[in-house]
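Subject: Model for you to look at

Hello,

Here is the structure I promised to pass on. Please open it next to this email and read the two together.

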Amino acid sequence: MGDAPLPLVPADFTRHADVRDMAQAIAAVAENLDQAYPLLAGGDRVTGEPALRSVDPSSPSTVVSRFPRAGAAHAAAAFEAASRACDA
């Protein structure tokens, strides 16, 4: 049948196997954790003081990444870019 992508199944962190799998995935990218990343809105990089953070849901004290807060203008720019891409 070929290399069909596997279906995405939401993790259930009440299950030991899902907690273990998340821990293994985090360990695989550990050197890239807790870094600041820009947002992309309408093709433009949005930089600034990281105000938000993404955490590992199985270990909320583990910060995965930090990023700036987007405003309404950023959301509008992203929406416009997506609309143009869909019209193309």
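Below is what I found, going from the whole chain down to single residues.

First, the ground rules. This is a predicted model, where local features need pLDDT of at least 70 and side-chain atom pairs count only at pLDDT 80 or more, while totals for chains, interfaces and linings use all residues. Residues are numbered from 1 along each chain as its sequence is written, and side-chain values use heavy atoms, with hydrogens and water left out.

**Overall layout**

The protein has two helices and five strands. Both kinds of element are DSSP runs, numbered from the N terminus: helices are H or I with at least four residues, strands are E with at least two. Along the sequence the pattern reads α-β-β-β-β-β-α. The radius of gyration is 17 Å, well over the 12 Å that the globule rule gives for 88 residues, so the protein is more spread out than a compact globule. (That radius is taken over C-alpha atoms, and the globule rule is 2.2 Å times the number of residues to the power 0.38.) Along the principal axes, the C-alpha atoms fill a box of roughly 45 × 40 × 25 Å.

How much of the protein is buried? Of its 88 residues, 10% count as buried. Buried means under 20% relative accessible area, exposed means over 50%, and partly exposed is in between, with a 1.4 Å probe and protein chains only. The protein exposes about 6800 Å². Carbon and sulfur atoms supply 59% of that area. Areas come from the Shrake-Rupley method with a 1.4 Å probe; for residues, only the protein chains shown count as cover.

Now the contacts (heavy atoms within 4.5 Å). Take those between residues at least 6 apart in sequence: 48% of them join residues at least 24 apart.

Three strands form an open sheet in the order 1-5-4, with mixed pairing. The edges are strand 1 and strand 4, each pairing on one side only. Two strands pair if DSSP finds at least two bridges between them.

Start with strand 1 (residues 35–36). Two bridges join strand 1 to strand 5 (residues 59–67), and the two run parallel. Here Ala36 has Arg66 as its bridge partner in strand 5.

On to strand 4 (residues 52–56). Strand 4 pairs with strand 5 in the antiparallel sense, over five bridges. Val55 stands opposite Val63 of strand 5. A hairpin of two residues joins strand 4 to strand 5.

**Salt bridges**

How many salt bridges are there? The count comes to three. The rule asks for a side-chain nitrogen of Lys or Arg within 4 Å of a carboxyl oxygen of Asp or Glu.

- Arg66 and Asp34 meet at 2.9 Å, N to O. Arg66 lies in strand 5 and Asp34 in the loop between helix 1 and strand 1, so the pair ties together parts that are 32 residues apart in sequence. Arg66 is partly exposed at 29% relative accessibility. Asp34 is also partly exposed, at 39%.
- Asp21 and Arg20 meet at 3.0 Å, N to O. Asp21 is partly exposed at 37%, and Arg20 is partly exposed at 38%.
- Arg15 and Asp18 meet at 3.5 Å, N to O. Arg15 counts as partly exposed, at 44% relative accessibility.

Is Asp18 buried or exposed? Asp18 is buried, with a relative accessible area of 13%. Asp18 sits in helix 1 (residues 16–28). Leave aside its neighbours within four places in sequence, and Asp18 is in contact with Ala11, Asp12 and Phe13.

Where does Ser83 lie? Ser83 is in helix 2 (residues 72–87). At 23% relative accessibility, Ser83 counts as partly exposed. Ser83 and Gln35 are 48 residues apart in sequence. In space they are 30 Å apart, C-alpha to C-alpha.

Arg66 is the bridge partner of Ala36, and its side chain meets Asp34 in a salt bridge.

Best wishes
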